Amino acid sequence: MNPLLRSGRPIRSLFVCLALLAFPEGTRVFNKTGSTAMCCGDMGTLVAKHRNGGSCPYIVVGIIDSARRSPSYGTWISQRADVIREVSNLAYLAMKQRHSL
């Protein structure tokens with residue numbers, strides 16, 4: 001796994017990488033997170049490598065909101081971040097299959 005995916009400050013907090021076990025070494029990630037008591041969001045540009053060495057950039061955006069504040073912010077944000085991570089994982093796996101990453 002790419003060490004950036006484990007130690008990058010913006011990445012650690014949310015979706016794009018932490019749960020993406022399939023990410024190969026060399027995948028570049030540019031990511032911005034943001035959350036409030038009623039919104040969990042993350043967007044990232046990922047630049048994966050084709051098997052032939054070329055690059056394949058793509059963007060993932062995840063926003064989950066709530067009509068009211070959660071009484072347990074930590075639990076609320078963690079659960080929503082997990083959902084965004086899983087969506088990002090599915091997007092990467094589809095890109096991997098379609099574009100020979």
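What follows is a quick tour, from the overall layout down to a few residues.

This is a predicted model, where local features need a pLDDT of at least 70, side-chain atom pairs count only at pLDDT 80 or more, and totals for chains, interfaces and linings use all residues. Residues are numbered from 1 along each chain as its sequence is written, and side-chain values use heavy atoms, with hydrogens and water left out. The chain holds 3 helices and 3 strands, and from the N terminus on they run α-α-β-β-β-α. Helices (H or I, at least four residues) and strands (E, at least two) are DSSP runs, numbered from the N terminus.

- The score to know is pLDDT, the predictor's confidence in each residue, from 0 to 100.
- Here the chain averages 78, and 77% of the residues score at least 70.
- Among the elements, strand E3 (residues 55-65) has the highest mean pLDDT, 91, while helix H2 (residues 9-12) has the lowest, 37.
- Over residues 1-16 the pLDDT is below 50, yet this stretch has 49 contacts in the model beyond near neighbours in sequence; a contact means heavy atoms within 4.5 Å.
- Where pLDDT is low, the predicted coordinates should not be read in detail.

- Of the 101 residues in the chain, 35% are buried. Buried means under 20% relative accessible area, exposed means over 50%, and partly exposed is in between (1.4 Å probe, protein chains only).
- Among contacts with a separation of 6 or more, 47% link residues 24 or more positions apart.
- The largest nonpolar core has 9 residues: Val29, Leu46, Ala48, Cys56, Tyr58, Val60, Tyr92, Met95 and Leu101. A nonpolar core is a set of buried Ala, Val, Leu, Ile, Met, Phe, Trp, Tyr and Cys residues joined through side-chain atoms within 4.5 Å.
- Strand E2 (39-49), strand E3 and helix H3 (73-99) each supply at least two residues of this core, with E3 giving the most, 3 residues.
- As a background idea, nonpolar side chains tend to be buried together in soluble globular proteins.

**Helix H3**

- H3 has 27 residues and reaches 38 Å from its first C-alpha to its last, close to the 39 Å expected at 1.5 Å a residue. That expected span is 1.5 Å times one less than the number of residues.
- The buried residues in H3 are Trp76, Ile77, Ala81, Ile84, Arg85, Ser88, Asn89, Tyr92 and Met95.
- A search of the whole structure finds 1 salt bridge, meaning a side-chain nitrogen of Lys or Arg within 4 Å of a carboxyl oxygen of Asp or Glu.
- Asp82 and Arg85 form a salt bridge, with their closest N and O atoms 2.6 Å apart. Both lie in H3, 3 residues apart, about one turn of the helix.
- Asp82 is partly exposed, at 41% relative accessible area, whereas Arg85 counts as buried at 10%.
- Ser100 comes in the segment after H3. Ser100 has a positive phi of about 50 degrees although it is not a glycine, and this residue counts as partly exposed at 37% relative accessibility.

**Two residues of strand E1**

- Asn31 lies in strand E1 (residues 28-36) and is buried, because its relative accessible area is 14%.
- The side chain of Asn31 makes a polar contact with the side chain of Asp42, at 2.6 Å. A polar contact is a pair of N or O atoms within 3.5 Å; within protein, one must be able to donate a hydrogen and the other to accept it, and residues adjacent in sequence count only if both atoms are side-chain atoms.
- Asn31 and Met43 are 12 residues apart along the chain, and their C-alpha atoms are separated by 5.8 Å.
- Ser35 is also in E1, but this residue counts as partly exposed, at 39% relative accessibility.
- Leaving out residues up to four places away in sequence, Ser35 touches Cys40, Tyr73 and Ile77. A polar contact of 2.6 Å joins the side chains of Ser35 and Tyr73.
- Between Ser35 and Ala81, 46 residues apart along the chain, the C-alpha separation is 9.8 Å.
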